[in-house]
Amino acid sequence: MIEIKNLSKIYSKSNHKVVALKNINLSIAKGDIYGIIGLSGAGKSSLIRCINRLEEPTDGDIWINGVNIVKLENKELRTARKNISMIFQNFNLFSSKTVFENIAFPLRLIKTPNSIIKEKVNELLKLVELTDKANVYPAQLSGGQKQRVGIARSLASDPDVLLCDEATSALDPKTTKQILSLLKNINEKLGLTIVIITHEMEVIKEICNRVAILEDGCIVEEGPTLDVFTSPESYVTRNLINQDQLLPNEYLKGKVLTLSFTEKSVGEPIISRIVKKFNVEINILYGKIEYIQHKPIGKLTVQINVNDDVLKNIILFSEKNHVQVEVLNQ
Amino acid sequence: MSHLIELLYPSMLETLYMVFVSVFFTILLGLPLGIILVITDKNHIVPIPWLNNILSYIINITRSLPFLILMIFIIPFTRLIVGTTIGTTAAIIPLIIAATPFFARVVETSIKEVDWGVVEASISMGATPIQIILKVLIPEVLPSLVLGITITIINILGYSAMAGVVGGGGLGDLAIRYGYHRFQKDVMIATVILLVILVQLIQSTGNKIAQIINKK
């Protein structure tokens with residue numbers, strides 16, 4: 001569906017160059033909800049904006065449905081763009097047009113007859129649950145409603161791809177969830193391929209089936225979301241995932257381990273087995289279970305006072321039972 | 001009183017004629033000029049930096065000339081266009097030439113208010129530059145454009161007071177000939193009152209329209 005090959009983006013400003021993207025290779029399949037996550041300045045915005053050429057790539061190719069977007073001339077590019085919609089962090093709605101006319105805009109561009117516009121826009125208003133707001137201006141809407149108008153507008157031209165440029169970053173957590181479930185719903189209903197860039201791990205966990213982690217213009221890790229979460233390979237990824245469970249130093253005494261439970265082990269009483277088998281005392285410092293793509297991942301940070309040999313055996317025992325162990329403090 | 005009305009009425013018609021025709025052509029020329037000034041910028045939708053520089057330069061030159069000097073300076077050009085250099089119609093040409101660059105800058109400032117994100121959204125939907133201008137840029141800043149037009153009308157009304165220099169007539173000319181040269185204070189005062197009322201009317205109408213069409 002989308003093949004990004006050796007993509008580079010370099011910004012040249014008078015006497016110095018800023019490399020935003022280095023040799024990016026990505027493959028996004030039809031129907032994917034593909035997340036690209038990274039901290040600010042990692043290059044994720046440049047990456048998504050290269051896909052519809054709001055930014056001109058410096059080098060490389062981007063194939064969408066067998067067409068190399070990078071090679072297209074103005075007119076062909078405009079046609080191709082009708083197939084690649086985009087929603088934005090700041091919604092970018094037309095303040096002078098009603099909700100109805102905002103959604104109708106892509107259709108007016110291609111001179112669609114009024115009767116068809118009416119039918120199509122009403123259908124989209126229903127999809128995003130804003131039928132009662134058709135004649136209201138964007139200034140009268142809440143953030144979440146504005147983004148729903150943005151989504152409806154992006155769907156008007158029946159695109160194959162939807163690019164989301166930090167689409168939920170300006171919204172509160174509850175509204176974010178609503179928007180994400182709307183995107184998921186659209187993805188399932190219309191078979192739309194969605195590319196999301198974000199700095200929020202929650203967004204990736206909630207809806208992305210695949211994820212790429214971007215740092216300093218390079219992809220440091222890529223794969224199915226669940227795999228990346230359960231066994232992160234790079235330091236950057238681990239950092240992004242563990243953002244919320246940094247323990248204060250005063251608790252890092254003795255031997256501190258983080259146990260990661262996957263689907264296979266999350267229902268098992270592993271801790272109690274360890275206690276019985278090795279006759280040790282375990283102090284639980286932190287724990288949570290989260291759901292990634294509706295699959296549970298449990299994290300437990302514990303403190304055990306044992307010698308190194310027993311610790312080694314505990315780790316072996318845990319891993320045999322599908323629990324991964326990371327030693328935080330020896 | 002009746003002789004005042006006899007004096008004021010034809011002068012007022014001359015003023016309205018000059019202002020109306022000048023405003024019409026100023027908008028006709030200044031609106032596209034202002035839009036070109038914005039979109040040919042190197043970071044906008046139709047980047048043509050050399051054209052942008054030349055236009056900006058010409059506008060600055062025209063705007064640095066005082067109206068009185070401009071009016072005399074372009075007399076040959078006026079003759080070329082309307083066939084005469086004196087009279088009300090002859091005064092319209094310098095009015096247009098003075099007001100167009102001013103209005104172009106007003107339009108430029110308004111159009112630049114459009115959030116770039118909104119322009120990008122239109123580009124991402126496959127809009128052509130013409131579609132972006134007509135369906136996005138102009139509608140988005142219409143209230144601000146209306147206020148800009150209001151200011152321009154009042155400006156032209158002010159300039160038109162000097163039209164007497166080329167025999168253009170109008171209220172300003174009347175005030176100078178009767179009120180100043182002939183010491184007829186009542187004509188002077190009546191003219192000033194009339195001009196004040198005109199400006200108030202134009203401004204409040206402009207404000208009202210802008211307020212009605214503003215959806216922000």
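1. Helix packing in chain B. In this predicted model, helix α2 (residues 49-64) and helix α5 (residues 88-111) of chain B have axes that come within 9 Å. The axes cross at roughly 125°. The two helices, α2(B) and α5(B), are therefore oblique to each other. Their crossing is left-handed.

2. Residues at that crossing. From α2(B) come B:Ser56, B:Ile59, B:Asn60, B:Thr62 and B:Arg63. They meet B:Ile97, B:Pro101, B:Phe102, B:Ala104 and B:Arg105 of α5(B). The residues of this contact divide into five nonpolar, three polar and two charged.

3. The sheet in chain A. Six strands form an open sheet in chain A, in the order β6-β7-β8-β3-β9-β10. Pairing is mixed. The edges are β6 (84-88) and β10 (218-224) of chain A; each has a single partner strand, so one side of each is left without a neighbour in the sheet. Neighbouring strands are turned by 15° against each other on average, direction ignored.

4. One strand pair within the sheet. Strand β3 (residues 33-37) and strand β8 (residues 193-198) of chain A pair in the parallel sense, over five bridges. A:Ile33 stands opposite A:Ile194 in β8(A). As for helices on this sheet, α5(A) packs on it and touches β6 and β7 (161-165) of chain A. The direction of α5(A) makes about 170° with that of β6(A).

5. A glutamine in α5(A). A:Gln147 lies in helix α5 (residues 143-155) of chain A. Is A:Gln147 buried or exposed? A:Gln147 is buried, with a relative accessible area of 0%. Leaving aside residues up to four places away in sequence, A:Gln147 touches A:Ile87, A:Phe88, A:Phe91, A:Ala167, A:Leu171 and A:Ile179.

Technical notes. Residues numbered from 1 in each chain as written. Chains lettered and ligands numbered in written order. Predicted model: local features only at pLDDT ≥ 70, side-chain atom pairs only at ≥ 80, totals over all residues. Heavy atoms only, no water. Axes fitted to C-alpha atoms, helices over the stretch in contact; angles between N-to-C directions. Helix = DSSP H or I, 4+ residues; strand = E, 2+ residues; numbered from the N terminus. Parallel < 35°, antiparallel > 145°, perpendicular 65-115°, else oblique. Left-handed = near helix turned anticlockwise from the far one by under 90°. Contact = heavy atoms within 4.5 Å. Nonpolar A, V, L, I, M, F, W, Y, C, P; charged D, E, K, R; others polar. Buried < 20%, exposed > 50% of the residue type's maximum accessible area, 1.4 Å probe, protein only. Pairing = 2+ DSSP bridges.
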